[in-house]
Amino acid sequence: MKTFCGRANPTTGAMEWLEEDENYDYHQEIARSRYADMLHDKDRNTKYYQGIRAAVSRVKERGEKAIVLDIGTGTGLLSMMAVSAGADFCYAIEVFKPMANAAVKIVEKNGFRDKIKVINKHSTEVIVGPEGDMQCRANILVTELFDTELIGEGALPTYEHAHKYLVQEGCEAVPHRATVYVQLVESKRMWSWSKLFPVHVEAEDGEKIIVSPSEMENCPGVPSVCDIQLNQMPSSDFTVLSDVVTMFSVDFSKPVRSASTSYRVQLEPVKSGKAQIVLSWWDIDMDPSGMINCTMAPYWVKPTAAFQWRDHWMQCVYFLLNEEPVLQGEKVYLTACRDEYSVWYKLQKARGEEENKSDVRVESPVCRCQAHLLWNRPRFGQLNDQNRTRQYIKSLMKVLKTDSVCLCISDGSLLPVLAHYLGAKQVQYFFPYCFPCILGWYFQPSHLFFKANNLEDKIKIIEARPELLNSSHLEDKKISVLVGEPFFTTSLLPWHNLYFWYARTAVTSHLTSNVTVLPQSASLHMMIVEFQDLWRIRSPCGTCEGFDVRTMDDMIKNSLNFRESKEAEPHPLWEYPCKSLSDPEEVLTFDFRNTVPQHCLSTEGSIKLLRKGKSHGAVLWMEYHLAADISVSTGLMQISNEKGNCEWNPHCKQAVYFFSSVIESETLSDLPSAVTYAINFDTKTGDIAMDFKL
């Protein structure tokens with residue numbers, strides 16, 4: 001059996017379905033999983049162990065046998081904890097077959113084969129009875145089914161089914177309860193991830209303002225949660241408008257209802273401002289008394305707590321439909337609605353009690369402007385980045401003339417509007433993805449933009465593949481200025497936006513002989529880093545709470561070796577602190593003034609290590625050289641101090657290549673002199689292959 005996987009093709013800018021080996025999907029799942037991150041989460045593991053010991057003790061004190069049901073067992077860790085704590089038997093359910101097979105090996109290796117039965121099924125398919133998967137109902141329910149939003153992985157319907165069919169009434173549950181907390185804030189930075197701000201352009205005939213379409217302004221966006229490492233958000237980037245309040249709790253020891261419902265709390269703002277964002281996180285009590293607590297609270301809520309870094313549970317950012325002015329001391333109502341898998345919020349002024357009650361339910365957000373479907377949150381932030389926009393304005397002012405015929409190739413870009421306002425004679429906007437099934441929603445945001453700014457008859461949209469462009473599309477004119485950010489929605493890694501180069505090559509015959517290309521070139525940059533915490537997602541665990549989980553380590557390593565270890569992976573490094581161990585180095589250049597060459601672009605060299613530390617990997621990013629002395633970086637913004645702490649572009653993901661082995665140097669004399677590298681850009685596929693040696 002073959003597996004078909006979607007991959008971005010940097011030479012066409014499109015997502016393509018590739019036929020892979022039947023094991024590829026499994027290896028992807030393991031290689032890119034967060035199992036290692038969870039096994040390294042000392043706080044999580046310790047609290048689970050404490051909660052399980054307490055639950056087993058309570059059952060034993062009642063004179064009962066302790067029969068445990070562990071749903072989503074993964075490595076079998078929680079089941080082994082239960083048996084070690086004195087449980088008589090444990091049923092460990094794992095739906096992912098390779099993981100279930102690993103759990104069987106891990107359980108056996110640790111000597112628990114006689115007391116733990118691994119069941120490779122979805123919990124809703126498990127049968128209880130003499131001939132079934134479980135001999136009897138369990139009296140202890142242990143699960144770890146949570147994501148950053150708590151319910152996004154289907155925890156509620158799973159619990160609902162388990163209470164109906166798999167566990168005894170009045171069972172013990174670990175965790176015992178979960179509580180969701182919220183806080184109202186004002187934040188221009190976070191608000192910029194959902195709305196588009198006006199852009200001011202100083203043109204020869206006066207100031208122009210590019211406004212956002214009302215359809216985007218009033219669009220509720222998409223229901224998917226924005227989950228981030230909120231502990232990396234500086235306090236200067238938001239203003240707290242309310243105290244932290246409990247939004248709702250779920251008691252897992254009692255029957256759980258997954259049906260859609262809503263919750264409402266009254267807030268009294270502690271400061272006047274614009275309510276834009278609801279920040280949310282949760283904690284879990286492992287025992288009924290709440291003495292064993294595991295919290296996701298950010299740094300300003302529990303400033304004295306020792307924080308456990310984790311990437312599998314973070315914090316949530318929710319965007320209100322519109323910003324609502326609130327006054328200090330003037331009460332408001334915050335409503336949280338949820339279905340089985342997601343949560344969304346609405347803020348209301350405190351009016352008459354009956355009037356407020358009648359409007360409690362809020363429909364799940366559905367994007368109507370299509371922009372929230374086409375652009376992710378960082379893209380909104382990028383379009384709102386005034387410093388970045390100014391660089392493009394400065395560059396366009398350098399290259400545009402009154403007779404310029406301009407063609408823009410980029411997704412959802414402001415460049416066509418900027419080019420028009422800055423004096424280009426003719427502006428055409430090129431949409432390279434001309435697939436009938438997506439035409440409507442793909443073009444809609446740009447149509448709305450042009451309409452809102454009265455530019456429908458000023459900017460022509462060309463709907464064709466680059467290789468199918470003909471002179472009639474261009475009204476028999478040659479292009480004198482070709483522009484791009486470049487940005488394409490299908491790009492995953494920094495160099496995937498080199499599709500601009502391929503599109504430029506395809507339209508060569510339609511360019512004037514002295515065409516100006518903006519950006520004129522790009523360069524690939526690289527730096528060796530030590531991560532503060534991100535290394536954990538690729539680091540072997542060995543033993544966890546005294547249990548041997550090396551089988552899992554081997555499984556991840558084998559899956560990485562299947563292909564993934566030879567590839568870089570995208571990460572938003574503003575969320576993951578690191579320090580540079582080397583200077584940044586330019587390793588490849590791409591000249592957009594010329595067409596894509598037939599031969600590969602390759603480079604080999606070494607990068608000198610300047611600071612002591614652990615060489616966890618290399619970070620790679622692109623810089624675009626727009627015009628003389630004007631560049632924009634998708635990666636490193638600056639190295640902020642002598643320790644090598646890095647500041648990264650917050651609107652882009654950088655490429656991270658994790659080294660298979662880590663060299664630790666305590667002193668500069670311990671340092672290996674350099675890391676050698678070999679990088680190859682295959683112009684036929686648009687992919688970059690790399691290899692490093694410490």
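Analyst: Helices (H or I, at least four residues) and strands (E, at least two) are DSSP runs, numbered from the N terminus. On that basis the protein has 16 helices and 38 strands. This is a predicted model, in which local features need pLDDT of at least 70 and side-chain atom pairs count only at pLDDT 80 or more, while totals for chains, interfaces and linings use all residues. Residues are numbered from 1 along each chain as its sequence is written, and side-chain values use heavy atoms, with hydrogens and water left out.

User: What makes the span of helix α5 agree with what it should be?

Analyst: The expected span of a helix is 1.5 Å times one less than its number of residues. Helix α5 holds 13 residues, 97–109, and should therefore span 18 Å, which agrees with its end C-alpha atoms being 18 Å apart.

User: Which residues of α5 are buried, and how do you know on which side of α5 they lie?

Analyst: Buried means under 20% relative accessible area, exposed over 50%, and partly exposed in between, with a 1.4 Å probe and protein chains only. In α5 the buried residues are Met99, Ala100, Ala102, Ala103, Ile106 and Val107. They cover an arc of only 160° around the axis, so they are on the same side of α5; the arc is that of the directions from the helix axis to the C-beta atoms.

User: What makes the pairing of Glu144 with the side chain of Arg44 a polar contact?

Analyst: A polar contact is a pair of N or O atoms within 3.5 Å; within protein, one must be able to donate a hydrogen and the other to accept it, and residues adjacent in sequence count only if both atoms are side-chain atoms. The side chains of Glu144 and Arg44 meet this with a polar contact at 3.3 Å. The side chain of Glu144 also reaches the backbone nitrogen of Phe146 at 3.3 Å.

User: Why are β14 and β19 said to stand at the edges?

Analyst: Two strands pair if DSSP finds at least two bridges between them. Three strands form an open sheet in the order β14-β18-β19, with antiparallel pairing. β14 (261–267) and β19 (343–349) each have a single partner strand, so one side of each is left without a neighbour in the sheet. Seven bridges join β18 (residues 332–338) to β19.
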